[in-house]
Amino acid sequence: MKRVEGLSAREISRRTGLARDTVGRLLASGTPPRYSRAPSGSIVDPFKDWICEQLQADPKVPSQRLRELAGEIGYEGGKTVFDAYVREARPRFLVRRTFQRTIYRPAELIQCDLWEPSRHVPVGYGQARRGWVVTCQSCWSRAFAGTLIFSKEAPDILAGLARNLKRLGVRAEKLVWDRESAIAGRGKPSEPFLSFCGQLQVGWIVLDAGDAQAKGQLERQHRFLETNFEPRRSFANHLDFQDQLDRWSEKANSRNHRTIRGVPAERLAKERELRPLGEVTVETDRRWVLRVPQQPLVRVDRNDYSIDPAFAGRRVEVRVSQWEITATVLDTGELAARHNRIFAGSQTIVDPAHQSELDAQRQRRRQRHHVDVEQRPLSVYDALIA
């Protein structure tokens, strides 16, 4: 009213009903009027120095424990005001870890890890089994791939890793792993993992113990799997699980990514041009040699698989992949068995041809013990008696 309309103090006093002295004091003030009173203090004030001493001695001590100790020396206040001061004072004594923003080059790093679904996966024969998903994500393109496995042993993890790299189609400079026991237990890369990287001609980075935040991209992807992939889904078997996961991954890779402000699939195409994966011939199968027993079966992952009984007593090389089980005779190279791998337990899988051979052998053994006995006519005995 004074500065815009140019009214006098008397006119302002008349319009507002305020005393002229009050109007004059307000016009001379540099701030609007407000109600204020002297602070009365907090019930925590007498204990602030003591709280700081305790935090300096142990910056990670829980607030509840501090409140219990403060009660022993006379604190009678509530939880909220006490915890609020501890929350404000703690950062002065506990140095929090900070992170810099990392900028990646195309096809530089691929982060790798294991993610466990919240429910067991159906595997047929009325059974469900605990599974894991080998996950991989390119750091530059943010493209994702996953493969279901049923053990945390090196052959299974590396087979899943090889499949993921084939789906991504990029030969990254290095693979980033935490200290998974089959990959790099105690921080030292295992022999199977070193062999895998050597065959693929890639390097590796093993993270420090408890440093999962160093591959935060993949950890966030795991949360996305838990909140977007799993809810309201059902799976007929492990093959259906893998098929749905692959289709979900392709859909996720084709969406616009908020961080990179681009589509992962489009950026992945650029990485493939820069460092294509090419032909992958990485050996990840389990292999061992055994002599075919008289009961021609081989035990693989809680199941028994038949071997051609014609090779009983001979040595065969058993080869187990994620999809099939084969047995090859060492001295001749003949195929002694080929079965699709079953992930259900306590099953006996017999090839019909092997069963036919067992039946034929059993029949031949029975014929070998059969002796023809001459049967003479009764007239011969009558003549002898006469």
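Is Leu384 buried or exposed? Select Leu384 and show the surface: this residue is exposed, with a relative accessible area of 67% (buried means under 20%, exposed over 50%, and partly exposed in between, with a 1.4 Å probe and protein chains only). Before moving on, note that this is a predicted model, where local features need pLDDT of at least 70, side-chain atom pairs count only at pLDDT 80 or more, and totals for chains, interfaces and linings use all residues. Residues are numbered from 1 along each chain as its sequence is written, and side-chain values use heavy atoms, leaving out hydrogens and water.

Leu384 sits in helix H13 (residues 378-385). Helices here are DSSP runs of H or I with at least four residues, strands are runs of E with at least two, and both are numbered from the N terminus.

**Next stop: H9**

Select residues 216-229. Helix H9 has 14 residues and spans 19 Å from its first C-alpha to its last, close to the 20 Å expected at 1.5 Å a residue (the expected span is 1.5 Å times one less than the number of residues). Now colour its buried residues: Gly216, Gln217, Leu218, Gln221, His222, Leu225 and Phe229. What do they pack against? Show strands S1 (109-115), S4 (132-138) and S5 (144-149), plus helix H10 (238-253), and you have the partners. Contact means heavy atoms within 4.5 Å.

Rings of Phe, Tyr and Trp (its six-membered ring) pair if their centres lie within 6.5 Å; planes under 30 degrees apart count as stacked, over 60 as edge-to-face and the rest as tilted. The count comes to 10 aromatic pairs. Zoom in on Phe224 and Trp248: the ring centres are 5.3 Å apart and the planes are at 50°, so this pair is tilted. Phe224 belongs to helix H9 and Trp248 to helix H10, 24 residues apart. Phe224 is partly exposed at 28% relative accessibility, whereas Trp248 is buried at 4%.

Then pick Phe229 and Phe241, an edge-to-face pair with 5.7 Å centre to centre and 85° between the planes. Since Phe229 lies in H9 and Phe241 in H10, the pair ties together parts that are 12 residues apart in sequence. Both Phe229 and Phe241 are buried. To see the cluster linked by ring pairs, select Phe144, Phe224, Phe229, Phe235, Phe241 and Trp248.

**Last stop: Arg167**

Select Arg167 in helix H6 (residues 154-168). Arg167 is partly exposed, at 28% relative accessibility. Not counting residues up to four places away in sequence, Arg167 touches Ala145, Asp246, Glu250 and Arg272.
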